[in-house]
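Hi,

Here is the structure I promised to pass on. Have a look first, and my notes follow below.

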Amino acid sequence: MIGKISGRLDWRGPDHVLIDVRGVDEVAGGMLEGARRVALDAVLAGEAGEAGRRVVVYCATGKRSALAVARLRAAGIGAQSLAGGFVAWLELPQPGQGDR
C-alpha cells in the first residue's frame with residue numbers, strides 16, 4: 001500500500017532509508033533531510049534498496065516513486081512511496097511555522 005502523507009514520517013532510524021529518485025536538476029532545488037539520491041533507472045535495475053531496512057521512496061509527485069516501490073517490493077524489500085512526493089511535502093506545515 002502506498003502511504004499518504006500525514007504528519008511527519010520518521011525515517012531517520014537505523015532501520016530506515018530514504019531514497020529520492022528525482023533527477024539531478026530537481027534535486028538541485030532541495031531534498032528531504034537524510035535522503036540520498038538514487039537514479040530511478042538504478043532502482044528499476046535492482047541496484048538500490050537494502051534488505052532488512054524499511055525503504056521510503058519519493059519523487060516530485062509520487063508517480064516515479066510508485067514504480068520504484070513496486071520494483072523494490074518484487075525484490076522482497078519493504079518499501080513505501082511518499083504519496084504526493086516532494087511537492088506535497090512542501091505543502092505541509094513546517095516545524096515552527098504553524099498551520100498554513
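Predicted model: local features only at pLDDT ≥ 70, side-chain atom pairs only at ≥ 80, totals over all residues.

Numbering runs from 1 along each chain as its sequence is written, and side-chain values use heavy atoms, leaving out hydrogens and water.

Where does R22 lie? In the loop between β1 (16–20) and α1 (24–27); helices (H or I, at least four residues) and strands (E, at least two) are DSSP runs, numbered from the N terminus. Its side chain makes a polar contact of 2.7 Å with the side chain of D20, and a polar atom of the R22 side chain lies 3.3 Å from the backbone oxygen of E26. A polar contact here is a pair of N or O atoms within 3.5 Å; within protein, one must be able to donate a hydrogen and the other to accept it, and residues adjacent in sequence count only if both atoms are side-chain atoms.

The charged end of R22 also sits over the ring of F86, 4.2 Å from its centre (the rule: NZ of Lys or CZ of Arg within 6 Å of the ring centre and within 35 degrees of the ring normal).

**The aromatic pair**

F86 turns up again with Y58: the ring centres are 6.1 Å apart and the planes at 20°, so the pair is stacked. Rings of Phe, Tyr and Trp (its six-membered ring) pair if their centres lie within 6.5 Å, with planes under 30 degrees apart counted as stacked, over 60 as edge-to-face and the rest as tilted. Y58 is in strand β3 (residues 54–58) and F86 in helix α4 (residues 85–91), so the pair ties together parts 28 residues apart in sequence. Both Y58 and F86 are buried.

**V55 and the cores**

V55, also in strand β3, is buried with a relative accessible area of 0%. The largest nonpolar core has 16 residues, and V55 is among those that touch the most other members, along with I19, V21, V43, V57 and L72. (Such a core is a set of buried Ala, Val, Leu, Ile, Met, Phe, Trp, Tyr and Cys residues joined through side-chain atoms within 4.5 Å.) Apart from that core lies another, of 9 residues, including L18, L32, V56 and Y58.

Cheers

Definitions and conventions:
Buried < 20%, exposed > 50% of the residue type's maximum accessible area, 1.4 Å probe, protein only.
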